[in-house]
Amino acid sequence: MALSDQLAKLSTRAKEAEDHAAAARDKAKADVEKDRELARGTADAQAEHLREAANEGKGQISDWWNNAQSNWNQHVATVRDNIESKKAELDLNRAKRNAENAEGDAAFAIDYAAAAIVEAEYAVLDAELARKQADEVAQNA
């Protein structure tokens with residue numbers, strides 16, 4: 001596949017992520033949770049594909065890209081661990097902080113590079129879910 005075709009595919013995927021994130025605002029919490037899990041599965045598959053491509057390309061791609069891929073995997077694991085631990089916190093102030101942090105994570109992920117687009121979709125969906133959880137806690141308070 002030509003590099004320009006790969007860029008076109010990347011652009012299309014970024015638009016899909018944008019559309020999914022925008023649609024999440026109008027969806028019920030349960031639907032956002034399902035979408036988030038689907039995005040996580042897609043992100044995991046993309047990460048595995050990236051790992052395989054890096055391994056197959058050793059000697060053909062610079063060591064920098066191998067290091068970037070490894071660092072990205074570590075970053076993703078850390079962010080996901082933080083997300084999972086924050087989901088257990090239910091008081092209103094913590095829920096609001098969690099939502100604000102999740103939204104910040106989403107904004108940073110959106111600014112990241114090509115391989116991060118799928119991860120950015122996950123982060124945006126997580127932020128939307130965190131905000132819905134904060135709203136839910138506020139209604140019950």
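**Ground rules**

Contact, in these notes, means heavy atoms within 4.5 Å. I am working on a predicted model, where local features need pLDDT of at least 70, side-chain atom pairs count only at pLDDT 80 or more, and totals for chains, interfaces and linings use all residues. Residues are numbered from 1 along each chain as its sequence is written, and side-chain values use heavy atoms, with hydrogens and water left out.

**Entry 1: Glu128**

I started with Glu128, which sits in helix 5. Helices here are DSSP runs of H or I with at least four residues, strands are runs of E with at least two, and both are numbered from the N terminus. Is Glu128 buried or exposed? I found it buried, with a relative accessible area of 18%. Buried means under 20% relative accessible area, exposed means over 50%, and partly exposed lies in between (1.4 Å probe, protein chains only). Not counting residues up to four places away in sequence, Glu128 touches Ala24, Arg25 and Val32. I also checked Glu128 against Arg36: they are 92 residues apart in sequence, and their C-alpha atoms are 9.5 Å apart.

**Entry 2: the whole chain**

Next I stepped back to the overall layout. The protein chain has 5 helices and 0 strands, and reads α-α-α-α-α along the sequence. Of its 141 residues, 31% are buried. I looked at contacts between residues at least 6 apart in sequence, and 76% of them join residues at least 24 apart. The accessible surface is about 8,900 Å², with 51% of it belonging to carbon and sulfur atoms. Those areas come from the Shrake-Rupley method with a 1.4 Å probe; for residues, only the protein chains shown count as cover.

**Entry 3: nonpolar cores**

I then looked for nonpolar cores, meaning sets of buried Ala, Val, Leu, Ile, Met, Phe, Trp, Tyr and Cys residues joined through side-chain atoms within 4.5 Å. The largest has 8 residues: Ala24, Val32, Ala39, Val79, Ile83, Tyr122, Leu125 and Leu129. Which elements give two or more residues to this core? They are helix 2 (29-56), helix 3 (63-87) and helix 5 (117-140). Helix 5 gives the most, with 3 residues. Apart from this core lies another of 7 residues, including Ala102, Ala106, Ala127 and Ala134. As background, nonpolar side chains tend to be buried together in soluble globular proteins.

Leaving aside neighbours within four places in sequence, Leu129 is in contact with Lys29, Val32, Glu33 and Arg36.

**Entry 4: along helix 2**

I tested the length of helix 2. The expected span of a helix is 1.5 Å times one less than its number of residues. For the 28 residues of helix 2 that should be 40 Å, and the end C-alpha atoms are 40 Å apart, which agrees. The buried residues of helix 2 are Val32, Asp35, Arg36, Ala39, Ala43, Ala47 and Ala54.

Two of these got a closer look. The side chain of Asp35 makes a polar contact with the side chain of Lys27 (2.4 Å). A polar contact is a pair of N or O atoms within 3.5 Å; within protein, one must be able to donate a hydrogen and the other to accept it, and residues adjacent in sequence count only if both atoms are side-chain atoms. Beyond four places in sequence, Asp35 is in contact with Lys27 and Leu125. The C-alpha atoms of Ala47 and Gln69 are separated by 8.6 Å, with the two residues 22 apart along the chain.

**Entry 5: salt bridges**

How many salt bridges does a search of the whole structure find? It finds 8, each being a side-chain nitrogen of Lys or Arg within 4 Å of a carboxyl oxygen of Asp or Glu.

- Arg36 and Asp126 meet at 2.6 Å, N to O. Arg36 lies in helix 2 and Asp126 in helix 5, so the pair ties together parts 90 residues apart in sequence. Both residues are buried.
- Glu136 and Lys29 meet at 3.0 Å, N to O. This pair links helix 5 to helix 2, across 107 residues. Glu136 is partly exposed at 35%, and Lys29 is partly exposed at 25%.
- Glu16 and Arg13 meet at 3.6 Å, N to O. They are 3 residues apart in helix 1 (residues 3-24), which means about one helical turn. Glu16 is partly exposed at 36%.
- Lys15, Glu18 and Asp19 are linked in a network of salt bridges.
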